[in-house]
Amino acid sequence: MKYLPLMFNVSGLRLLIVGGGNIATRRAKVIRQAGAVIDVVARDASPEIREIARRSGGELALRSWRAGDIREDHALVVAATNDDALNKQVRERCRALNIPVNVVTDSKSSDIAFPSVIDRAPLTIAVSSGSASPLLARLLAERIDALIPDGYGRLAALVGKYRHTVRATFESPDERKRFWGTILRGAVAEHVFSGNHDDAEALLESRLAEPGEHAGTGEVYLIGAGPGDPDLLTFRAYRLLQQSHVVLYDRLVSRPILDMIGPETEMIHVGKRRSHHPVPQAGINDMLVEYALQGKRVARLKGGDPFIFGRGGEEIEQLAARRIPFQVVPGITAASGCACYSGIPLTHRDHAQSVRFVTGQLRDGTVNLPWNQLVADNQTVVIYMGLNGLPIISEQLLAHGMRPDMPASLIERGTTPDQKIHCGTVASLPALVGKASVKPPTLLIIGSVVELHRTLRWFRQDARG
């Protein structure tokens with residue numbers, strides 16, 4: 001390790017930048033954000049760096065650099081010119097005065113390296129390649145930045161506010177560690193992430209006042225896993241899955257998403273398929289309550305979106321009645337995900353101005369839909385769980401007036417590498433699907449928008465009608 005990672009508090013300190021071009025300006029922006037006073041020496045300086053120096057209370061000298069410009073009260077010097085000989089003189093003057101220097105054109109001559117920064121004040125994350133590849137450091141920082149919600153800064157501020165109170169409440173370091181672990185992974189943190197800062201602070205104070213009272217209650221996360229592609233999982237869903245003790249998952253949750261869950265997490269399959277419910281819905285509801293009352297963080301992982309034909313409302317009703325903390329994380333519903341990955345826009349100015357979502361399977365296993373409402377111009381109909389009822393659906397739509405040549409598509413295992421698109425018409429699709437070995441999950445889309453599939457498809461498809 002060539003560089004020792006440190007966080008340097010430069011607030012109110014005086015720093016010098018030699019140079020006034022683009023790189024010098026970028027350095028000045030970062031330094032100014034940290035609250036430093038910035039002196040600038042350059043024969044030509046950009047308007048932006050001039051303004052930064054002025055606002056910081058620093059001095060601006062529009063001339064060639066002189067050795068006397070580096071003073072003992074400078075805490076740091078940045079040599080940001082295109083003149084290697086001048087940068088070398090700046091470096092040697094800094095070394096003589098024991099002042100750290102950053103030479104932007106020569107990492108080997110630098111005492112420090114400027115990292116790429118993820119700012120979640122007061123939380124700061126820095127990524128550095130030691131000037132070997134600033135672009136690589138920036139790319140990595142961008143990926144980390146996308147994974148860290150803005151709420152982590154607010155959470156860090158809340159923790160800092162109560163740090164001394166917690167130290168006074170818990171004498172043992174182990175007790176403090178357990179307390180903060182509960183706060184940072186539990187309901188307090190989730191309130192912060194959701195923007196409920198007052199609720200988070202009130203809950204933290206209540207747990208400080210009576211540390212043992214809340215120890216037995218966990219929390220339930222009702223999470224939508226999306227239609228299958230793990231890249232469509234939300235950041236919030238991923239974060240909650242990583243901190244869960246138990247995950248109850250459905251049959252429609254894809255294997256790549258399940259593989260993202262840590263090996264120490266207890267995994268319980270509660271999936272259903274047609275006419276086969278190993279764990280009845282009431283049993284699932286009871287399991288969520290039981291695990292939460294044991295003080296565990298429980299994830300209920302469902303394919304698609306939990307509030308669109310996912311029975312999510314039924315599951316959290318019991319939690320609400322028992323006053324068990326819960327939160328709902330939306331997922332990309334199958335209609336949106338499968339349509340996009342098939343090149344079928346659900347709405348289009350020339351084809352459809354409305355969309356109807358219906359389920360092809362009701363409680364008693366029959367297909368009994370509002371057929372007259374489904375037969376309408378300029379409308380897209382999306383039918384979930386319609387594979388087994390497809391012949392009846394086709395027959396009833398035709399009987400209620402839908403034209404036989406209305407485009408229709410059955411999407412098999414949408415958004416996954418096994419996705420297949422079976423295209424036809426309302427009249428022909430049942431026979432086409434009957435000849436294929438179709439495996440659920442599937443989604444049925446009916447409407448003239450299906451015609452756009454042939455020109456707008458972009459994701460790989462292994463079968464097309």
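The model is a predicted one, in which local features require pLDDT of at least 70, side-chain atom pairs count only at pLDDT 80 or more, and totals for chains, interfaces and linings use all residues. Residues are numbered from 1 along each chain as its sequence is written, and side-chain values use heavy atoms, with hydrogens and water left out.

**Stop 1: helix H13**

Select residues 334-342, which form H13. Helices (H or I, at least four residues) and strands (E, at least two) are DSSP runs, numbered from the N terminus. Seven of the nine residues of H13 are buried; buried means under 20% relative accessible area, exposed over 50%, and partly exposed in between, with a 1.4 Å probe and protein chains only. The buried residues are Ala 334, Ala 335, Gly 337, Cys 338, Ala 339, Tyr 341 and Ser 342. Display next the elements against which they pack: strands S13 (354-359), S14, S15, S16 and S17, and helix H17 (453-456). Contact here means heavy atoms within 4.5 Å.

**Stop 2: the largest nonpolar core**

Select Ile 383, Leu 397, Leu 444 and Ile 446, the residues with the most contacts inside the largest nonpolar core, which has 21 residues. Such a core is a set of buried Ala, Val, Leu, Ile, Met, Phe, Trp, Tyr and Cys residues joined through side-chain atoms within 4.5 Å. At least two residues each come from helix H14 (371-374), S14, H15, S15, H16 and S17. H15 gives the most to this core, with three residues. In soluble globular proteins, nonpolar side chains tend to be buried together.

Centre the view on Leu 397. Leaving aside residues up to four places away in sequence, Leu 397 touches Trp 371, Leu 374, Val 375, Met 402, Val 426 and Ile 446.

**Stop 3**

Move to Met 385, in the loop between strand S14 (379-384) and helix H15 (390-399). Met 385 is not a glycine, yet its phi is positive, about 55°.

Thr 415 lies in the loop between strand S15 (407-412) and strand S16 (420-425). Thr 415 also is a residue other than glycine with a positive phi, near 75°. The relative accessible area of Thr 415 is 1%, so this residue is buried.

Two cis peptide bonds may be selected next. One runs from Ala 121 to Pro 122, with omega near 5°; Pro 122 sits in the loop between strand S6 (116-120) and strand S7 (123-127). Another runs from Pro 440 to Pro 441, with omega near 5°; Pro 441 sits in the loop between helix H16 (429-435) and strand S17 (442-446).

**Stop 4: helices H5 and H6**

Show H5 (residues 151-169) and H6 (residues 173-185), whose axes come within 12 Å and cross at roughly 155°. Axes are lines fitted to C-alpha atoms, for helices over the stretch in contact, and angles run from 0 to 180 degrees between N-to-C directions. H5 and H6 are therefore roughly antiparallel; angles under 35 degrees count as roughly parallel, over 145 as roughly antiparallel, 65 to 115 as roughly perpendicular and the rest as oblique.

From H5, Leu 155, Val 159, Tyr 162, Arg 163, Val 166 and Arg 167 make the contact, and from H6, Arg 176, Phe 179, Trp 180 and Leu 184. By class these residues are seven nonpolar, no polar and three charged. Ala, Val, Leu, Ile, Met, Phe, Trp, Tyr, Cys and Pro count as nonpolar, Asp, Glu, Lys and Arg as charged, and the others, Gly among them, as polar.

**Stop 5: helices H1 and H2**

Select H1 (residues 22-33) and H2 (residues 47-56), which pack at an angle of about 25° with their axes 9 Å apart. That angle makes H1 roughly parallel to H2. Ala 24, Thr 25, Ala 28, Lys 29 and Arg 32 of H1 meet Glu 48, Ile 49, Ile 52, Arg 55 and Ser 56 of H2. This contact of H1 with H2 holds four nonpolar, two polar and four charged residues.
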